[in-house]
Amino acid sequence: AAEAIMNEESLLENNIPQVHSINPEMSAPSIRVANDLGNEVKGYGLALTDVSVEQESCYWEWRVRTGGNPTVTVMVGVSNRRNSKFYEILASSSVPPEQHGTKFMCTASDLKDGDVIGIVVQQSELPMIQLYVNGEIEDGLQVTRFRGTVYPSIYLPQKGSNNDVSATFLYREEQYVHGPPGPQFHPLIAERSLM
């Protein structure tokens, strides 16, 4: 009977959908979470999610809204853990804002309103990160290697005075607009769920 209860609990645990969001504590102070689900980001600068990339291979998407601009350029990929001290130090440095924690990110240019960027991560093959825009592979938009614990991230540009550029983090299969390029790429799973 105890074994049956454990199996049922295990099934229930596996059927609970993962819920991830933008982590304001790890994101730039100019970033704000724009919806109740916590997966839409507005403002400008670096935004990190609350789930680290622990799997061998995984996939997620960002849907970009241009905020009335004809096109925008964003950076997507992964970034190491950040905190408010990181942003304080960089604010008084000569390092350009687009280089604040974006070493493991790629620039996606000329995005139109509603464009979707898919990110494929495979930790044991090169390139480790490959970008897709609207379901099509983007040659040259890749990160060969990264190290350490990393988090899905996006860098939003400072556009005009209203900064209405936004992006929505899509991390579950039912949210995907295009989906991964192959069955080996799975949705992000929180570290504690991998055990």
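Buried here means under 20% relative accessible area. Keep that cut-off in hand for this tour of a predicted model.

**Stop 1: the cysteines.** Select cysteine 106. Its relative accessible area is 5%, so cysteine 106 is buried. Now select cysteine 58. Its relative accessibility is 0%, and cysteine 58 therefore counts as buried too. Do not look for a disulfide; the structure holds zero.

**Stop 2: the whole chain.** Switch to a cartoon view. Two helices and twelve strands make up the secondary structure. Trace the elements from the N terminus: α-β-β-β-β-β-α-β-β-β-β-β-β-β. Colour by accessibility next. The protein has 195 residues, and 47% of them count as buried. Show the surface. Then turn to contacts between residues at least 6 apart in sequence: 73% of them join residues at least 24 apart.

**Stop 3: the aromatic cluster.** Select Trp62, Phe169 and Tyr171, which form one aromatic cluster. The whole structure has three aromatic pairs. Start with tryptophan 62 and phenylalanine 169, a tilted pair with centres 5.1 Å apart and 35° between the planes. This pair links distant parts of the chain. Tryptophan 62 is in strand β4, and phenylalanine 169 is in strand β11 (residues 166-170), 107 residues away. Is tryptophan 62 buried or exposed? It is buried, because its relative accessible area is 0%. Phenylalanine 169 is buried as well, with a relative accessible area of 0%. Phenylalanine 169 also pairs with tyrosine 171; that pair is tilted, at 5.1 Å centre to centre and 35° between the planes. Tyrosine 171 is buried, as is phenylalanine 169.

**Stop 4: the salt bridges.** How many salt bridges does a search of the whole structure find? It finds two. Select arginine 65 and aspartate 113. Their side chains meet in a salt bridge, 3.4 Å from N to O. Arginine 65 lies in strand β4 (residues 57-65), while aspartate 113 lies in the loop between β6 (105-111) and β7 (116-122). The two are 48 residues apart. Arginine 65 is partly exposed, at a relative accessible area of 35%. Aspartate 113 is partly exposed at 46%.

Move on to glutamate 174 and arginine 172. They form a salt bridge with the closest N and O atoms 2.6 Å apart. Glutamate 174 has a relative accessible area of 58%, so it is exposed.

**Stop 5: a charge over a ring.** Finish at arginine 82 and phenylalanine 86. The charged end of arginine 82 sits over the phenylalanine 86 ring, 4.4 Å from the ring centre.

Technical notes: Residues numbered from 1 in each chain as written. Predicted model: local features only at pLDDT ≥ 70, side-chain atom pairs only at ≥ 80, totals over all residues. Heavy atoms only, no water. Disulfide = S-S within 2.5 Å. Buried < 20%, exposed > 50% of the residue type's maximum accessible area, 1.4 Å probe, protein only. Helix = DSSP H or I, 4+ residues; strand = E, 2+ residues; numbered from the N terminus. Contact = heavy atoms within 4.5 Å. Salt bridge = Lys/Arg side-chain N within 4 Å of Asp/Glu carboxyl O. Phe/Tyr/Trp six-rings, centres within 6.5 Å; stacked < 30°, edge-to-face > 60°. Lys NZ or Arg CZ within 6 Å of the ring centre and 35° of its normal.
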